[in-house]
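Open the model in your viewer and keep the selection tool ready. The tour goes from one selection to the next.

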Amino acid sequence: MVDVHALATTLDEAARDVRAIPKLTERTPFDVAAAYAVQRAGIERRRRRGERLAGVKMGFTSRAKMVQMGVDDVIWGLLTDRMLAESSVDVSRLIHPRVEPEIAYLIGREVRSAAEAESAVAGVAVGYEVLDSRYADFKFTLPDVIADNASAARFGVGAWHPPRDLSNVGLLLEIDGRPVQTGSSAAILGDPARSLRAAARLALGAGMKLEPGWIVLAGAATAAVPLPKDAHVRVTGAGLGSVEVTT
Ligand code: OOG
Ligand code: MG
């Protein structure tokens, strides 16, 4: 039997102490179902500290990410209000942060089936995600990264726009004015709307629902890049404007 709470505590303490740990599966092999139980226990710890659920993040929805991280399955994690960054991210609180461009959906009403996910969208935006694997060297197996809440650390979104077709939005990630990644939202499962529906399905399967006010990050269209201190990051989505953050 896997001690779900002990594993969740180990990950939570690594994040709070800003300290990388060896992969959990090195000592305790566990499967994907146990990994999601660890993820959920970690979120419960955050909730007990007063954090509130703010949405869902999808992971490995593009080939660029699967290839970068050496895994080949779509995963999901949960976002809390405290992960939402304002204008800056304090990288001294993170182990080895990386940043990646995201497409974001704002949920307008409760989503009771995957089929109604798109019609529940109140807004769309360009966003970014700051990842910070709690594992040494950002190296993990699929169960490890799921247990670690899909490496979620911080995120931000630009101005919300009325829902629209996002199947081919050009994305640009700049650091200190230099383009470091470019891509298209088409890389996200062919259309990020598919990722949104998957988010609804996965939430329902876990006994949850996408809630009004929640944000869904559909997954990065490009590989993630290291996020240094004193950096100025800008992510632009064609027709969606930009979102900026400093470190
Ligand atoms: C896991 C998180 C993947 C995405 O957008 O694909 C993810 C990782 O790469 O550490 O957030
Ligand atoms: Mg991501």
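How do the residues of the shell around ligand 1 divide into nonpolar, polar and charged? There are 6 nonpolar, 5 polar and 4 charged residues in that shell. Keep in mind that this is a predicted model.

Select ligand 1 and the 15 residues around it. Those that come nearest are Gly59, Lys65, Ser151, Gly219 and Ala220. Strand 1 (53–59), helix 4 (63–69) and strand 4 (121–131) are the elements that each give two or more residues to this shell.

Next, select strand 1. Of its 7 residues, 5 are buried, so strand 1 is largely enclosed by the rest of the structure.

Strand 2 (residues 75–80) runs antiparallel to strand 1 and is joined to it by 6 bridges. To find one such pair, pick Gly59, whose bridge partner in strand 2 is Ile75. Gly59 is also among the residues that come nearest to ligand 1. Strand 8 (residues 215–217) pairs with strand 1 in the parallel sense, over 3 bridges. Here Val56 stands opposite Val216 of strand 8.

Finish with strand 6 (residues 170–175), which pairs with strand 7 over 6 antiparallel bridges. Select Gly170 and look across to Ser184 in strand 7, which stands opposite.

Definitions and conventions: Residues numbered from 1 in each chain as written. Chains lettered and ligands numbered in written order. Predicted model: local features only at pLDDT ≥ 70, side-chain atom pairs only at ≥ 80, totals over all residues. Near = placed C-beta within 6 Å. Helix = DSSP H or I, 4+ residues; strand = E, 2+ residues; numbered from the N terminus. Nonpolar A, V, L, I, M, F, W, Y, C, P; charged D, E, K, R; others polar. Buried ≥ 20, exposed ≤ 12 C-beta atoms within 10 Å, placed from the backbone. Pairing = 2+ DSSP bridges.
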